[in-house]
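These are my notebook entries on one structure, written down as I looked up each point. I began with the ligand site and then turned to the helices and the backbone.

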Amino acid sequence: MPTAPLGPRGPVVTRLGLGTMTFGAETPEAEAHAQLDAFVAAGGTFVDTADVYAGGESERIVGRWLADRGADVVIGTKGRFAPPSGSAGASRRALARAVQGSLDRLGVDALDLYTVHGWDDHTPVEETLDALSSEVRRGRVHAIGWSNVTGWQLGRIMATARLGGYVVPTAVQPQYNLLDRTIELEIVPAALAEGIALTPWGPLGGGWLTGKYRSDERPSGATRLGEDPHRGVEAYDVRNTDRTWRVVDAVRSVAAAHDRPMAHVAHAWLLSRPTVASVLLGARTTEQLAQSLEAATLELSADDLALLGDASAPGLPSYPYGMVQDACGVDVWRRLGTAAPTD
Ligand SMILES: NC(=O)c1ccc[n+]([C@@H]2O[C@H](COP(=O)([O-])OP(=O)(O)OC[C@H]3O[C@@H](n4cnc5c(N)ncnc54)[C@H](OP(=O)(O)O)[C@@H]3O)[C@@H](O)[C@H]2O)c1
């Protein structure tokens, strides 16, 4: 499987990573261990978890697998929204507890990548960076990242880290997929400017990009939206829009041309995007994972990318982005193809 550095200060990982948010939730332990086995057998090396997934059970399941198999993988976990017994936030105290909790549940003595799961408005970022820097000095954490931040937050984190002499983040973990390219306005340009890596979550839009949902039929059965149609950013009433169906149709037609499942096209498109180091795969079953693991072998042509890009372009608001692009010659959104097609 192809590999890439997880940013300038991170380990080298496979370009497909295994997300474990389903472990201990939709995916019972034996099936989760089968997914981990299949991932490693396919050459995968990067496993992403978080202390909040299934109230800590995802980390425990990964930990029991590590203890049993003795596998050599890069473990990334996240803290900030602590499980019920801990104190939440990105304060020094909360992070010390969160890191210890993750080490205990995973049964390891160091975390390869520790990601702050979201911005904390109640803790100065200096405190968070100082706490993480001491974790790095103690050898409990090797590299750090942030997730679910806005552009100004990422800019402040990076500037504070560099100017304050703290450990500098190496990666950012945002939602990014053909249905939601909003991060191209701020986060992707910031990541390019800072030289840090993206590890996108939600590459299939929570399942929408597999073509499993219909515009005229509410989801049912053992699917994410069948079980909870109001689930987060992928909720049925939120995503059931003309734009979604335009994108899904484009993915379907590219998939048909290559005789591949739609999931391959969604993953391959993300792998083609600038600064994307590793795409976090999500799966309920080992069969779903096995299908996604073959995505790295799909090469999309320039015509495929143009079709997908035109269908999914989020549009560039005229102010300040359009003005900055035209009046100041900032070219990043043109290079990303962020603007709506002009026809
Ligand atoms: N930092 C964050 O805040 C954050 C947030 C979310 C996720 N993550 C990370 O990113 C990982 C991936 O995110 P995600 O799970 O949202 O990714 P996703 O790829 O957008 O969605 C995965 C879901 O799509 C469905 N699916 C997958 N393959 C399929 C196939 N071949 N056919 C039909 N349905 C299929 C499954 O749901 P059903 O079968 O149940 O419908 C599966 O659980 C997570 O495991 C986690 O590690 C991070």
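This is a predicted model: local features need pLDDT of at least 70, side-chain atom pairs count only at pLDDT 80 or more; totals for chains, interfaces and linings use all residues.

**Ligand site**

Residues are numbered from 1 along each chain as its sequence is written, and side-chain values use heavy atoms, with hydrogens and water left out.

For polar contacts I took pairs of N or O atoms within 3.5 Å. A polar side-chain atom of arginine 224 lies 2.6 Å from an oxygen atom of the ligand, and one of glutamine 173 lies 2.8 Å from a ligand nitrogen atom. Glycine 202 instead brings a backbone N or O atom to 3.3 Å from a ligand oxygen atom. On its own the ligand has 910 Å² of accessible area, and the protein covers 94% of this (Shrake-Rupley method, 1.4 Å probe).

**Helices H2 and H3**

I then checked H2 (residues 57-69) against H3 (residues 92-106), whose axes come within 7 Å and cross at roughly 45 degrees; the axes are lines fitted to C-alpha atoms over the stretch in contact, with angles from 0 to 180 degrees between N-to-C directions. Helices are DSSP runs of at least four residues, strands of at least two. Glu59, Arg60, Val62, Gly63 and Leu66 in H2 meet Gly101, Ser102, Arg105 and Leu106 in H3, where contact means heavy atoms within 4.5 Å.

**Backbone**

Which peptide bond is cis, with omega near 0 degrees? I found that it is the one from tyrosine 319 to proline 320, and that proline 320 has its place in helix H13 (residues 318-328). Asparagine 148, in the loop between strand E7 (141-147) and helix H5 (151-164), has a positive phi of about 55 degrees although it is not a glycine.

Note on methods. A polar contact is a pair of N or O atoms within 3.5 Å; within protein, one must be able to donate a hydrogen and the other to accept it, and residues adjacent in sequence count only if both atoms are side-chain atoms.
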